[in-house]
Amino acid sequence: MKERVLSGMRPTGALHLGHYHGALKNWVRLQSEMDCFYFVADWHALTTHYENREVIEKNVYEMVIDWLAAGLDPNACTIFLQSRIPEHAELFTLLAMGTPLGWLERVPTYKDQQEKLKDKDLATYGFLGYPLLQAADILIYKAKHVPVGEDQASHVELTREAARRFNHLYGREINAEEKVQASLAKLPKDSVKRFEKARKAYQETGDAKAMEGALGYIASAPELDEQDRERLGGYFKGTGKVILTEPHALYTQASKLPGLDGAKMSKSYNNSIAIREDRATLEHKVKRMPTDPARQKRTDVGDPDKCPVWQFHLVYSDEGQRQWVSQGCKTAGIGCLDCKQPIIEAILREQQPMLERAEPYITNPKIVRDIVDAGTEKARITARETMQDVRSAMGLNY
């Protein structure tokens with residue numbers, strides 16, 4: 001089976017090219033390599049915009065159209081809506097019962113966002129707890145990988161800690177020792193002696209070879225079923241049953257595409273180009289981009305490293321094009337509009353297949369809702385299976 005990937009975005013409406021180069025291109029690549037679950041994090045939108053709920057529905061479907069336009073294939077990945085799966089909230093609540101408050105307060109983005117969003121009232125339980133809700137989003141699908149930038153690594157680490165703590169608290173079966181002995185009794189006595197010797201070596205000295213050999217043996221022993229193997233694996237390592245899978249951060253390269261002014265591309269900074277920007281607006285935005293302040297006149301020489309347009313050439317131009325731009329700028333051989341025109345043409349070429357893919361969804365919005373409905377139903381099946389394991393481990397199946 002393919003390893004599972006889980007990632008999501010808050011519904012902010014139509015996406016820009018920074019989203020495409022920073023995340024969506026990677027999502028599209030991963031869907032052909034792994035079992036990918038991509039979700040609209042509409043509950044997360046409420047952690048900072050709980051007073052502006054009226055825009056969320058429109059933003060949800062605008063964003064999904066951009067996902068599809070970028071190349072996500074609903075036949076190759078699972079696209080779903082967080083709030084339609086109440087099991088997310090249930091797991092969040094159960095994790096919260098045993099998660100230390102200090103873990104949440106030390107997440108770097110907690111204080112950082114409070115500083116950046118001073119115009120919003122973020123003194124809420126929902127805002128404090130949103131990293132744990134993120135953990136529930138990941139853990140409920142038993143995802144092995146979470147694509148993130150380095151700035152989000154702390155959230156994945158909190159998820160790993162939450163899973164580890166849950167497994168420690170609830171992974172041990174009732175009458176565990178008796179059940180371990182029953183599983184060992186299925187094996188030849190000589191094999192049990194070697195297994196116990198290897199267990200002692202691993203737990204006392206951390207002998208990795210002893211662990212590799214013992215776990216390899218129980219994985220292939222025909223006398224054991226899957227429950228026996230899992231039970232003995234936990235017994236060997238001194239842990240309980242693995243109920244929630246610890247995920248790994250799958251680091252993605254930060255987007256090299258800045259905003260039109262050279263800062264991070266963001267709609268709130270008014271410096272973005274939408275994935276489905278119309279041609280006239282695109283041309284107007286790029287032609288008005290600031291350039292090297294030293295080039296006041298056409299005959300003034302410039303420095304590409306001081307020009308935001310050059311950063312776009314690093315993303316969109318080949319080596320020959322870059323040399324032409326660099327030489328022309330440094331010698332005043334070309335004007336700034338000459339430098340910008342190849343960028344306009346490159347973005348238009350990149351956009352064309354996206355616009356074509358988006359057209360049927362814009363024309364018939366019901367298709368988009370059907371895709372989300374089908375993906376949500378598929379995701380719900382997996383979420384329910386995990387919650388059955390969680391409830392059973394916690395003794396809540398009564």
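1. The second largest cavity has a volume of about 70 Å³, and this value, like every other in this note, was computed from a predicted model. A search of the whole structure finds 2 cavities of 30 Å³ or more.

2. Which residues line the second largest cavity? The lining is made up of Leu94, Leu95, Gly98, Thr99, Trp103, Ala162, Arg165, Phe166, Leu169 and Tyr170. Two helices, α4 (87–96) and α8 (153–170), each supply at least two residues of this lining, and the largest share, 5 residues, comes from α8. Sorted by class, the lining of the second largest cavity has 7 nonpolar residues, 2 polar residues and 1 charged residue.

3. Two of these lining residues, Trp103 and Arg165, also take part in an arrangement of a charge and a ring, in which the charged end of arginine 165 sits over the ring of tryptophan 103, 6.0 Å from its centre. Elsewhere in the model, the charged end of arginine 10 sits over the ring of tyrosine 130, and here the distance to the ring centre is 5.8 Å.

4. If its neighbours within four places in sequence are left aside, glutamate 161 is in contact with Trp103 and Arg106. Is glutamate 161 buried or exposed? Its relative accessible area is 17%, and because buried means under 20%, glutamate 161 counts as buried.

5. The largest cavity, for its part, has a volume of about 90 Å³. Its lining consists of Thr291, Asp292, Arg295, Pro304, Cys307, Trp310, Val325, Cys329, Ile334, Gly335, Cys336 and Cys339, and the elements that give two or more residues to this lining are α15 (319–331) and α16 (336–363). By class, the residues around the largest cavity divide into 8 nonpolar, 2 polar and 2 charged.

6. Turning to the aromatic rings, the structure holds 12 aromatic pairs. One of them joins phenylalanine 195 and phenylalanine 236, whose rings are tilted, with 5.5 Å from centre to centre and 55° between the planes. Why does this pair tie together parts that are 41 residues apart in sequence? Phenylalanine 195 belongs to helix α10 (residues 189–205) while phenylalanine 236 belongs to helix α12 (residues 226–237), so the pair spans that separation. Both phenylalanine 195 and phenylalanine 236 are buried.

7. Phenylalanine 236 also pairs with tyrosine 202, and these two rings are stacked, at 5.4 Å centre to centre with 25° between the planes. This pair, too, links distant parts of the chain, since tyrosine 202 is in helix α10 and phenylalanine 236 is in helix α12, 34 residues apart. The accessibility of the two partners deserves a careful look: phenylalanine 236 is buried, with a relative accessible area of 0%, whereas tyrosine 202, with a relative accessible area of 23%, is partly exposed.

Terms used. Residues numbered from 1 in each chain as written. Predicted model: local features only at pLDDT ≥ 70, side-chain atom pairs only at ≥ 80, totals over all residues. Heavy atoms only, no water. Phe/Tyr/Trp six-rings, centres within 6.5 Å; stacked < 30°, edge-to-face > 60°. Helix = DSSP H or I, 4+ residues; strand = E, 2+ residues; numbered from the N terminus. Buried < 20%, exposed > 50% of the residue type's maximum accessible area, 1.4 Å probe, protein only. Lys NZ or Arg CZ within 6 Å of the ring centre and 35° of its normal. 1 Å grid on protein atoms, 1.4 Å probe; cavity = no way out; pocket = protein on both sides within 12 Å on 5 of 7 lines; lining within 4 Å. Points joined across faces, edges and corners; volume = space filled by probe spheres on them. Nonpolar A, V, L, I, M, F, W, Y, C, P; charged D, E, K, R; others polar. Contact = heavy atoms within 4.5 Å.
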